[in-house]
Amino acid sequence: LQGIFVLGLPYALLHSGYSGLLLIVSAAALCCYTGKILIACLYEENEDGQLIRVRDTYEDIANACCKKLSPSLGGIVVNVTQVVELIMTCILYLVVSGNLLSHSFPYVPVTEKTWSVIAFVTLLPCIFIRTLKIVSKLSQLCSLVHFVIIFVVITYCLTQMHQWSWAKFRLSLEFENFFVSIGVIIFSYTSQIFLPTLEGNMKNPEEFRCMLNWTHFFACILKTTFALTAFLTWGEKTKEVITDNLPSFLETLVNLCLLTKALLSYPLPFFAATEIVYSCISNDSHSNYRSPLLALTVRGSFLLLTLLTAMFTPHFALLMGLSGSVTGAAMTFLLPSLFHLKLQWKKLSFLEKCADISVFILGFLCSLAGMVCSVKGLLEVFG
């Protein structure tokens, strides 16, 4: 999910300056921390003081926190938030696909929205995906293409080192654009919804914390290097999707690779979202598609929803900023810290409680400000 949205990080630096570099590093540290406390909520101590995994999913954690109010209230909130985040991700894939196609074939008299429809047609087979086996193979190809793209862009930027200047960075901030940048950066790190399943399927779950440390460390290095080299190369001319800045001989090649990656990435969040919805409708957490017609209806409706939203909101950075500010901040900062305080309050030290409360307050403020600024930006575009 993070791969293609890294393309928005140089644009985020354009509006956040030096503070953007700090944000990229801080977001990595905070996301790593909230990932750890989220997994801690899956465990309880038994009579012998040993940690036992008593919950399996994000939904289970939410239900445990809200069981006094309603046995399923927390799960409903989490499921709705997860579905919104996943669907927004699918929408962004369509938006960026239309953008890439329009810039790859500028002489074809077709609008960006029409290109999005063409990309949508290629995704219609997603209706028939019933297992993760196919999705996992597509995700492997996406990872390979992603590293090739990043390597090409960074290599080109390094050939332009002679024109780099730190003077391109802003010392002053435009607060509205800055908070949109926060949403973009947060969205590039969101992965919490997958962590309980990931930890549960690890051969050695005790190594989860170490794995999380290293993956966030390397992700931070990669994102910082990519965003910094790209912004230093193009400065004020940095565009929403950084590949639009590449010279024509590279732009078409990289855009087609990105298009392939976007289309291959779409099935994962789409499948996850439809599984959640179908599971809720059928009251079966292990959906086996006893009603093929219902399953096709759910998937078809979601496909159409992503297309219609992409058609009416064709602005990559603003849409990503809105997603990161609302669902990304909620799933990454607000809910993990809140759940950790609720379930582990008696076991937490004073400093741990302060850390969780600080993360919650920071996440809430950033979410609120980013949401307001993103919505305002979208309204101005439509106006």
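The second largest pocket holds about 510 Å³ of space, in what is a predicted model, where local features need pLDDT of at least 70, side-chain atom pairs count only at pLDDT 80 or more, and totals for chains, interfaces and linings use all residues. Residues are numbered from 1 along each chain as its sequence is written, and side-chain values use heavy atoms, with hydrogens and water left out. A pocket is an open set of points on a 1 Å grid over the protein atoms alone, where a 1.4 Å probe fits, with protein on both sides within 12 Å along at least five of seven lines; lining residues have an atom within 4 Å of a point.

This pocket is lined by 19 residues, and Lys-36, Ala-40, Leu-51, Arg-209 and His-340 lie nearest its centre. The lining divides into 10 nonpolar, 2 polar and 7 charged residues. Helix H2 (18-40), strand E1 (43-45), helix H9 (208-234), helix H13 (316-344) and helix H14 each supply at least two lining residues, and the largest share, 5 residues, comes from H2. Helices (at least four residues) and strands (at least two) are DSSP runs.

Helix H14 (residues 350-382) also provides the largest share, 9 residues, of a nonpolar patch. The patch covers about 830 Å² of surface, and its members include Val-326, Ile-357, Phe-364 and Leu-365. Patch residues have over 30% relative accessible area and no salt bridge, with nonpolar side chains joined within 5 Å.

Elsewhere, Phe-312 is found in helix H12 (residues 292-312). Phe-312 counts as exposed because its relative accessibility is 56%, the term requiring over 50% with a 1.4 Å probe and protein chains only. The C-alpha atoms of Phe-312 and Val-95 are separated by 9.8 Å, although these residues are 217 residues apart along the chain.

Key:
Patch = residues over 30% accessible without salt bridge, like charges linked within 9 Å, V, L, I, M, F, W, Y side chains within 5 Å. Areas by Shrake-Rupley, 256 points an atom, 1.4 Å probe, with all protein chains shown as cover. Salt bridge = Lys/Arg side-chain N within 4 Å of Asp/Glu carboxyl O. Points joined across faces, edges and corners; volume = space filled by probe spheres on them. Nonpolar A, V, L, I, M, F, W, Y, C, P; charged D, E, K, R; others polar. Buried < 20%, exposed > 50% of the residue type's maximum accessible area, 1.4 Å probe, protein only.
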